[in-house]
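Dear colleague,

My notes on its core, its helix packing and some individual residues follow it.

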Amino acid sequence: MFLTVTANPSVDRTVEVARLTRGELHRAAAVHVQPGGKGINVARALVRNGHQARAVVPAGGPEGDQLIRLLTGYRVEVVRVEVAGPVRSNITVVEPDATVTKINEAGAPLSAAERESLLGAVLDHASGVGWVVAAGSLPPGVPDEFYADLIHRLAPIGVPVAVDTSGAALPAAVKAGPALVKPNLEELAEVVDRPLRTLREVVDAAGELRSRGAAAVLASLGGHGAVLVDGDGTWHAEARAQARSSVGAGDALLAGFLAAGGRGPSALAAGVAWGAAAVSLPGSTMPGPEDVRAHRVVVHPDVEWERRIDT
Ligand SMILES: Nc1ncnc2c1ncn2[C@@H]1O[C@H](COP(=O)(O)OP(=O)(O)O)[C@@H](O)[C@H]1O
Ligand SMILES: O=P(O)(O)OC[C@H]1O[C@](O)(COP(=O)(O)O)[C@@H](O)[C@@H]1O
């Protein structure tokens, strides 16, 4: 059983248009409405591949009801935490060449009592789970230390925590000593406060996060695949895909990595296979076993240190 918590869930609307032009009317070629937020997507991907996953979700307003209704179609076990503010909507516009333009709402604030209920719900369900995944941005007013606080409170239970977040919440979580963090290239560059142009620079930045407290770093690099840096070594893997929508690809990567044991090159290969499968599917659709092409993954025996990853 995997347990995820998404402090700032969303109803994702992915709109496909022929070409996006600022200031013009567009007629949508297709629309996908899906339950969203990073922990929710991780849970959806795990369930789609035969694993058990439970998602802790703060949900308020009619939008919260809609989110929970949408989730029931995905067979994810949901622990709903009632909150006053409505669930946000995040909009992605996708063009035929797979260019994505995202508009993510900030989300509704959570009161101190609501934050406590959310943490309490995670702690209530954490015993005996394989991993807790704390993922996504924090709503306005929620302290940057929210996920860090969760890591500290989970420590006595001994369950490993994976964190995928952004902004100031990420360095705060790293300091709390999670088993795994999953930054993308932009998030990793922001934490170390320098541009990352080559695999060497990515691996150095991942090492810095390890020295600050994260036991392992799974850095996702879009079409360049992903790098895993842990106490045993450094690996780079990638897989070619016919890109359609990258929304949720990072969540699929993390889910695949955890589903395959959450450590080492074989888990990295599985994660990259799930990530590549996710980008080839519309909207934030999570891949199932029929979509995943494990044989397309290349785990490089030697890291190509000077390879550019900023193109
Ligand atoms: N264009 C692509 N071709 C193949 N795989 C991709 C592509 N874009 C993303 N992926 C896969 O999805 C994973 C996550 O994508 P990335 O964009 O780095 O994360 P995030 O969605 O968190 O920003 C990558 O590590 C890679 O495995
Ligand atoms: O919490 P954030 O950072 O605003 O991100 C939320 C969005 O991220 C997603 O989980 C997609 O994640 P990725 O594309 O980063 O893998 C969407 O479902 C959701 O709308």
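In these notes, a residue is called buried under 20% relative accessible area, exposed over 50% and partly exposed in between, with a 1.4 Å probe and protein chains only. The model is predicted, so local features need pLDDT of at least 70 and side-chain atom pairs count only at pLDDT 80 or more, while totals for chains, interfaces and linings use all residues. Residues are numbered from 1 along each chain as its sequence is written, chains are lettered from A and ligands numbered from 1 in the order in which they are written, and side-chain values use heavy atoms, with hydrogens and water left out.

Val76 is buried, at a relative accessible area of 7%. Helices (H or I, at least four residues) and strands (E, at least two) are DSSP runs numbered from the N terminus, and Val76 sits in the loop between helix H2 (61-72) and strand E5 (77-82). Contact here means heavy atoms within 4.5 Å. Not counting residues up to four places away in sequence, Val76 touches Ala43, Arg44, Val47, Ala53, Ala55 and Leu71. Between the C-alpha atoms of Val76 and Arg307, which are 231 residues apart along the chain, the separation is 39 Å.

His32 belongs to strand E3 (residues 30-36) and is also buried, with a relative accessible area of 19%. Its contacts, not counting residues up to four places away in sequence, are Asp12, Arg13, Thr14, Glu16, Pro282 and Gly283. Arg88 lies 56 residues from His32 along the chain, and their C-alpha atoms are separated by 16 Å.

The nonpolar cores

A nonpolar core is a set of buried Ala, Val, Leu, Ile, Met, Phe, Trp, Tyr and Cys residues joined through side-chain atoms within 4.5 Å. The largest such core has 53 residues, and Val56, Val132 and Val202 have the most contacts inside it. Leaving aside neighbours within four places in sequence, Val132 is in contact with Leu3, Val122, Ala126, Leu154, Val159, Pro160, Val161 and Ala162. A second, separate core has 49 residues, among them Ala59, Val87, Trp131 and Ala237. In soluble globular proteins, nonpolar side chains tend to be buried together.

Helix packing

Axes are lines fitted to C-alpha atoms, for helices over the stretch in contact, and angles run from 0 to 180 degrees between N-to-C directions. Helix H1 (residues 38-48) packs with helix H8 (residues 249-259) at an angle of about 50°, their axes being 8 Å apart. That angle makes H1 oblique to H8; angles under 35 degrees count as roughly parallel, over 145 as roughly antiparallel, 65 to 115 as roughly perpendicular and the rest as oblique. The H1 and H8 crossing is right-handed; a crossing is left-handed if the near helix is turned anticlockwise from the far one by less than a right angle, and right-handed if clockwise. Lys38, Asn41, Val42, Ala45 and Leu46 of H1 make the contact with Asp251, Leu254, Ala255 and Ala259 of H8. By class, this contact of H1 with H8 has six nonpolar, one polar and two charged residues, where Ala, Val, Leu, Ile, Met, Phe, Trp, Tyr, Cys and Pro count as nonpolar, Asp, Glu, Lys and Arg as charged, and the others, Gly among them, as polar.

H6 and H7 pack at about 60° with axes 10 Å apart, and are therefore oblique to each other. Their crossing is left-handed. On the H6 side the contact involves Leu185, Leu188, Val191 and Val192, and on the H7 side Val202, Ala205, Ala206, Glu208, Leu209 and Arg212. This contact of H6 with H7 has eight nonpolar, no polar and two charged residues.

In helix H4 (residues 146-154), the buried residues are Phe146, Tyr147, Ala148, Leu150, Ile151 and Leu154. They pack against strand E1 (2-5), helix H3 (112-125), strand E8 (131-135), strand E9 (161-164) and helix H5 (169-175).

Positive phi angles

Ala98, although not a glycine, has a positive phi of about 75°. Ala98 is in the loop between strand E6 (88-94) and strand E7 (100-104) and counts as buried at 15% relative accessibility. Asp193 likewise is not a glycine and has a positive phi of about 60°. Asp193 lies in the loop between helix H6 (185-192) and helix H7 (199-212) and is exposed, with a relative accessible area of 69%.

With kind regards
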